[in-house]
Amino acid sequence: FIHGTSGLITGRLMGALAINKSASDQLEMATMLPAEFWKCAEESRHAISALCDTLLGMQVNEARMAQYANDYWAQASTLVGYLVKEKGMSYRTGHQILALLMQEVADKRITPAQLTVEMVEKAAVQYTGKPLGLSLEVLKQVFDSMYCVRQRKYRGGTAPEKVAEHVKVAIDNVARDKKILIELSDKIIASRHRLDSAFSAILAR
């Protein structure tokens with residue numbers, strides 16, 4: 001439900017942007033964009049409520065998650081990042097080496113724990129004609145899912161300290177937005193009272 005709602009909202013956004021690019025004499029934006037905005041707002045509210053309920057009742061099996069992350073090649077693309085950053089290769093070359101490696105992995109039906117330096121070197125030589133000079137220590141790090149997670153220390157990365165930083169910013173933003181929302185709500189209520197008072201004064205004449 002949450003994933004589907006996200007897709008619908010993204011689609012509506014693209015539609016609104018497409019309308020916004022139309023020639024001014026073709027379509028009046030004011031008749032379309034507000035309706036799309038309120039639809040997205042309403043659907044987002046339901047999706048966020050469902051997500052909160054899910055997270056509050058969720059039980060995390062850390063050991064099982066770690067096992068599955070390491071056993072099913074979730075970290076395979078990290079090899080490409082290593083080849084680009086440490087070996088100066090292009091992304092295209094790195095992905096080609098990874099593709100050749102994954103072909104052998106699929107044929108032999110092995111897990112990352114069973115991967116050898118020789119297999120990676122074979123794929124590299126097959127595509128580039130040159131060995132990588134990869135060590136066993138580096139190979140273990142590249143295919144260790146938690147090591148990969150901890151190394152992503154850039155903005156928006158998955159390193160625990162970065163995630164904690166992002167969570168703090170999000171909490172601060174929620175507190176700020178809540179304050180703004182309360183102020184706006186108070187203004188709307190006050191305006192409504194003034195409007196009611198004005199109507200009452202007119203009717204009393």
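Before the fold pattern, one term: a helix here is a DSSP run, H or I, of at least four residues, numbered from the N terminus. With that in hand, the pattern of this protein along the sequence reads α-α-α-α-α-α-α-α-α. That comes to nine helices and zero strands. Please keep in mind that this is a predicted model.

Let me start with the overall form. The C-alpha trace spans about 95 × 45 × 30 Å along its principal axes. How does the radius of gyration of the protein relate to the globule rule? The radius is 27 Å, while the rule gives 17 Å for 205 residues, so the protein is more spread out than a compact globule. As for burial, 21% of the 205 residues count as buried. On contacts, take those between residues at least 6 apart in sequence: 51% of them join residues at least 24 apart.

H4 covers residues 78-87 and H5 covers residues 91-108. Their axes are 9 Å apart, and the two helices pack at an angle of about 140°.

Which residues make the contact? From H4 we have Leu-79, Val-80, Leu-83 and Val-84. From H5 we have Tyr-91, Gly-94, His-95, Ile-97, Leu-98 and Leu-101. Sorted by type, the residues of this contact are eight nonpolar, two polar and no charged.

Thr-78 is in helix H4. Is Thr-78 buried or exposed? Its relative accessible area is 16%, and the cut-off for buried is under 20%, so Thr-78 is buried. Setting aside neighbours within four places in sequence, Thr-78 is in contact with Val-142, Cys-148 and Arg-152.

The other threonine is Thr-10, which lies in helix H1, residues 2-20. The relative accessible area of Thr-10 is 41%, and Thr-10 is partly exposed. How far apart are the C-alpha atoms of Thr-10 and Cys-148? They are separated by 30 Å, and the two residues are 138 residues apart along the chain.

Conventions: Residues are numbered from 1 along each chain as its sequence is written. This is a predicted model: local features need pLDDT of at least 70, side-chain atom pairs count only at pLDDT 80 or more; totals for chains, interfaces and linings use all residues. Side-chain values use heavy atoms; hydrogens and water are left out. Axes are lines fitted to C-alpha atoms, for helices over the stretch in contact, and angles run from 0 to 180 degrees between N-to-C directions. Contact means heavy atoms within 4.5 Å. Ala, Val, Leu, Ile, Met, Phe, Trp, Tyr, Cys and Pro count as nonpolar, Asp, Glu, Lys and Arg as charged, and the others, Gly among them, as polar. The radius of gyration is taken over C-alpha atoms; the globule rule is 2.2 Å times the number of residues to the power 0.38. Buried means under 20% relative accessible area, exposed over 50%, partly exposed in between (1.4 Å probe, protein chains only).
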